[in-house]
Amino acid sequence: MTIPRTPGAGDLAALRRRYRVERERRVRPDGGRQYQAAEAEFGTYAADPYAGAVPEREPLRDTVDVAVVGGGFGGILAGARMRQQGVERVRIVEKGGDFGGTWYWNRYPGVHCDIESHVYLPMLDETGYVPKWKYAPGEEIRLHAMRIAQRFDLYAHALFSTAVTSLTWDEASASWIVATDRGDSFRATYVVTATGTLSEPKLPGIPGIKDFKGHTFHTSRWDYAYTGGAPDGGMTGLAHKRVGLVGTGATGVQVVPMLAEDAGQVYVFQRTPSSVDVRANRPTTARDVGADHDGWARERRDNFLRIVSGEAADRDLVADGWTESAALLEKLLPSFRRQGDRQGDRSAFEAEYEAADAAKMNELRARVERTVTDRDTAEKLKPWYRYACKRPAFSDHYYPAFNRGNVTLVDTADTHGIERVTEHGVVVGDTAYELDCLIFATGFSVGVSGVHSGQLPVHGRGGTQLLHAWARQGPRTLHGLTSHGFPNLLLMGSLQNASSVNFTHVLDEQAVHIAALVAAAEARAALIEPSRRTEDAWLATLAKDAPDHAWFHAECTPGYYNREGGGRPNGPSAYPHGAFAFHALLKRWRETSMDEVFRAKVRAR
Ligand code: NDP
């Protein structure tokens, strides 16, 4: 189907039909159950290839001021902001062998952040660091995470290769007892949970993975001992190997060009193509990004967040694919907030948003056609869904890789993905592909880590478990960060808070906020704990303009954004007016209403 850049009403109807057909082709009755976690017999897929031999140590029984669960950017920023507020003993507990979180685990070849480095890397003003590329390689980001940790002395008390297994409030000492899988049981006056969202690797739940006799691993645990080389290439170990890569999400799109360069033969097993926009990465200087005065990074980051949150801005400092597509998403966002308009007059909404969306997606499909020479391969690489149904990807090397003689695209949409793994390779339909190495770029389980899933049990006042307390009416918080019955527990993440493509910015605002809470609680010798009434008021604020985005996700191709095609229910899960407005709200609240979250300590008898 050829569709013009500026589609008319007839074209839009045809496009809608095509999207429906493509969605139906992909929805599976088993939805999220189609995957298996990298645990138990598949635990080797989650083992840490970077930590080396983990040193023995005695279990800890001491006391710290703040315990932080998770050493990714969330935990590091919480630690750094606490240190800025004068907190002495901050202990970050991290499963990996060092700081970095997602950037510790994801070291696959080609790994970069596709959010501009000058807005993604936090604390640039504070550390004086100026990133060297518009989009930083993973290693530069990981080193920056370590730089912040060093700068704020977070290594002193950190525990690596250690997982927190439970958190228990002890009323008598007004502190938390933190238990870990290394036998620790230490106390902390405050606990911060910063466990992230996409951290547990998953695999397709298909027969035969254990039978494969070749080499196999997940992209978030890249085995350089086998492939040779490093994240920037040079994988000489693959020179004569037949390599299969399963998955073409944001990770697969970055890996394919690197495999194409180094491997003998590459089979890319695709189920749904990503939309892949222009990347235009380039080296940058301090001058390019205006890094000549205090606060330059904060200004740039605020400007980016303003634009991607749909707020007016007098200039666009970052000017890339995210800020460009914000104009399109701006047309969509108000429709999420105005349920009546869309139900009453869908045609007006469609005319504006759908035409803009179709123009954008046509441009992206035209990009495939312009770049990929084989017609059949180009057709299979075209994304047939609305922009942002799946996480947009960016690359200037992905499509050209398919013009190489050693790269074959294997479309698996008709069979709902690869169906079986055998001793020798992968089966799709009636074709068996023999492989030496099978790599899974199949993403991560959503919502299984941390306090919200029960993986980390939290026992609050009176021994009540957090998930039990929330079982009847759903999660109850103030700003997503504190919850009644769980004193001095500070929850980082997007639930009942805010989200953005630039998530490190959201995390930093949370870190600033909770560090201010801790400093104020110390000054008042009080506990941080919202009343039920304060929580009710916050839930009412969230519900008041709760977005109606269920229709959007119901029409999208399956993926983790819409619970594998099952849709995403409406509900007050985040602040409805965007991250920029939310941060302003938090700041105002700190200035005017902070006292409502403190309560007196009850003296132990
Ligand atoms: P995703 O979940 O986005 O992608 C998984 C891929 O595996 C999809 O293409 C999926 O197909 C495919 N797949 C799953 N099961 C099968 C099967 N049985 N057969 C064939 N294919 C299968 O994971 P990613 O690791 O790519 O990305 C996860 C997230 O990490 C991103 O959305 C992004 O938020 C973040 N990320 C960010 C980057 C950045 O630069 N900032 C870079 C990389 C990742 P289908 O789509 O059909 O389900």
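At what angle do the axes of helix H16 (residues 503–524) and helix H19 (residues 578–592) cross? Let's start there. This is a predicted model, in which local features need pLDDT of at least 70, side-chain atom pairs count only at pLDDT 80 or more, and totals for chains, interfaces and linings use all residues. Residues are numbered from 1 along each chain as its sequence is written, and side-chain values use heavy atoms, with hydrogens and water left out.

**Stop 1: two helices side by side**

Select 503–524 and 578–592. The axes of H16 and H19 cross at roughly 10° and come within 11 Å. Axes here are lines fitted to C-alpha atoms, for helices over the stretch in contact, with angles from 0 to 180 degrees between N-to-C directions. The two helices are therefore roughly parallel to each other (angles under 35 degrees count as such). Helices are DSSP runs of H or I with at least four residues, strands are runs of E with at least two, and both are numbered from the N terminus.

Now show side chains. From H16, His505, Val506, Glu509, Val512, His513, Ala516 and Leu517 meet Ala579, His583, Leu586, Trp589 and Arg590 of H19; contact means heavy atoms within 4.5 Å.

Step on to Ala525, in the loop between H16 and strand S21 (526–528). Its phi is near 50°, a positive value in a residue other than glycine. Most residues other than glycine have a negative phi.

**Stop 2: a buried leucine**

Jump to Leu259 in helix H8 (residues 250–262). Leu259 is buried, because its relative accessible area is 0% (buried means under 20%, exposed over 50% and partly exposed in between, with a 1.4 Å probe and protein chains only). Leaving aside residues up to four places away in sequence, Leu259 touches Trp222, Met235, Leu238, Val243, Leu245, Val266 and Ile439. For a sense of distance, draw a line from Leu259 to Ala526: the C-alpha atoms are 56 Å apart in space, and the residues are 267 apart in sequence.

**Stop 3: aromatic rings**

Rings of Phe, Tyr and Trp (its six-membered ring) pair if their centres lie within 6.5 Å; planes under 30 degrees apart are stacked, over 60 edge-to-face, and the rest tilted. By this rule there are 20 aromatic pairs. One of them joins Trp222 and Tyr224, tilted, at 6.1 Å centre to centre with 45° between the planes. Both residues, Trp222 and Tyr224, are buried. Tyr398 and Phe402 make an edge-to-face pair, 5.1 Å centre to centre and 85° between the planes. Tyr398 is buried at 2% relative accessibility, and Phe402 is buried at 7%.

Next, select Tyr50, Tyr104 and Trp105, which form one aromatic cluster. Arg107 lies over the face of Tyr50, 3.9 Å from the ring centre. A charge sits over a ring if NZ of Lys or CZ of Arg is within 6 Å of the ring centre and within 35 degrees of the ring normal. Elsewhere, the charged end of Arg18 sits over the ring of Trp384, 4.0 Å from its centre.

**Stop 4**

Select 138–151, helix H6. Its buried residues include Ile141, His144, Ala145 and Ile148. Among the elements covering the buried residues of H6 are helix H2 (73–84) and helix H3 (102–105). After H6 comes Asp153, with a positive phi near 60°.

Finish at His416, in the loop between strand S13 (407–411) and strand S14 (420–421). His416 also has a positive phi, near 60°, and counts as partly exposed at 25% relative accessibility.

Terms used:
Angles under 35 degrees count as roughly parallel, over 145 as roughly antiparallel, 65 to 115 as roughly perpendicular and the rest as oblique. The expected span of a helix is 1.5 Å times one less than its number of residues.
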